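These are my notebook entries on one chain. I set down what I looked up, entry by entry.

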Amino acid sequence: MGLHDSLLDVPERLRIWQLAGVRYFYLDPEAQAVSAQPPEQDFSAIGESSTPEVASVSPVPAAAAPYAVSDDPASWPAPWPALFAKAPEHPALVITYAALGDDMTGRADPRHGPLWRKLLVACGLAGKNAVAFWPVHLLDSADPQRDLVIFFAGLRLLAPRKLAVFDPAMAASLTAQCPPNDSLKIVSLPDPDTLLQGDKEVWDHVVASLASP
């Protein structure tokens, strides 16, 4: 510690006192030494570059792109183009059910063909190219989601007024997932096994549902 003449070296913060006539100041040299010493910096973790370190951020995986299929059925994977070619152009009614993919690809239930022929005759739709059978998915498909996208693409191209789904659970699922289409009516009907049981009340309900506009 010591006394310093104010005329020798007056810090800027004390100059106002010097101007007021004060000639001596009591300063603590140790405090001055500590305050004058610049803070130490640790350079041990800093490389030769002076660029600030930027925290690395792991890239977020991009969300899977939704399926998109062409409006050209010929570009769809087999056997979808052949299945679509069996449908009449712009039918009034499209029929689908869970086992339709099997029935259309060589693994048909022999009871189904006669059932549909009898039903179409009863509805007055036989021989008019007014009905198309279009499956939602194929048996043992490796990609059911792709099948569903192709189903909706085909449905859009066929542009029917009515989609008859012979499976209540499937009808509810398709109704929830179907793209907006004010001109399409989705009808939920009993599955083929139920129709084959021969219940007249059930049969009459199905005929009335399909025959109505």
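**Entry 1: Gly113 and helix 5**

I began with Gly113, which lies in helix 5; helices (H or I, at least four residues) and strands (E, at least two) are DSSP runs, numbered from the N terminus. I note that this is a predicted model, in which local features need pLDDT of at least 70 and side-chain atom pairs count only at pLDDT 80 or more, while totals for chains, interfaces and linings use all residues. Residues are numbered from 1 along each chain as its sequence is written, and side-chain values use heavy atoms, with hydrogens and water left out.

I then turned to an open sheet of four strands, whose order is 4-3-5-6 and whose pairing is parallel; two strands pair if DSSP finds at least two bridges between them. Its edge strands, each pairing on one side only, are strand 4 (131-133) and strand 6 (185-189). On average, neighbouring strands here are turned by 20° against each other, direction ignored. Axes are lines fitted to C-alpha atoms, for helices over the stretch in contact, and angles run from 0 to 180 degrees between N-to-C directions.

Within the sheet, I traced four bridges that join strand 3 (residues 93-96) and strand 5 (residues 162-166) in the parallel sense. Ile95 stands opposite Ala164 in strand 5.

Helix 5 (residues 112-123) packs on this sheet and touches strand 3, strand 4 and strand 5; contact means heavy atoms within 4.5 Å. The direction of helix 5 makes about 160° with that of strand 4. I found helix 7 (residues 168-177) lying across strand 3, strand 5 and strand 6, at about 160° to strand 6.

**Entry 2: Asp147**

Which residues does Asp147 contact, leaving aside its neighbours within four places in sequence? I listed Trp80, Val136, His137, Leu138 and Ser141. Asp147 is found in helix 6 (residues 144-158). Its relative accessible area is 0%, so I recorded Asp147 as buried.

**Entry 3: the whole chain**

I counted nine helices and six strands in the chain. Of its 213 residues, 32% count as buried. Among contacts with a separation of 6 or more, 64% come from residues 24 or more positions apart.

Technical notes:
Buried < 20%, exposed > 50% of the residue type's maximum accessible area, 1.4 Å probe, protein only.
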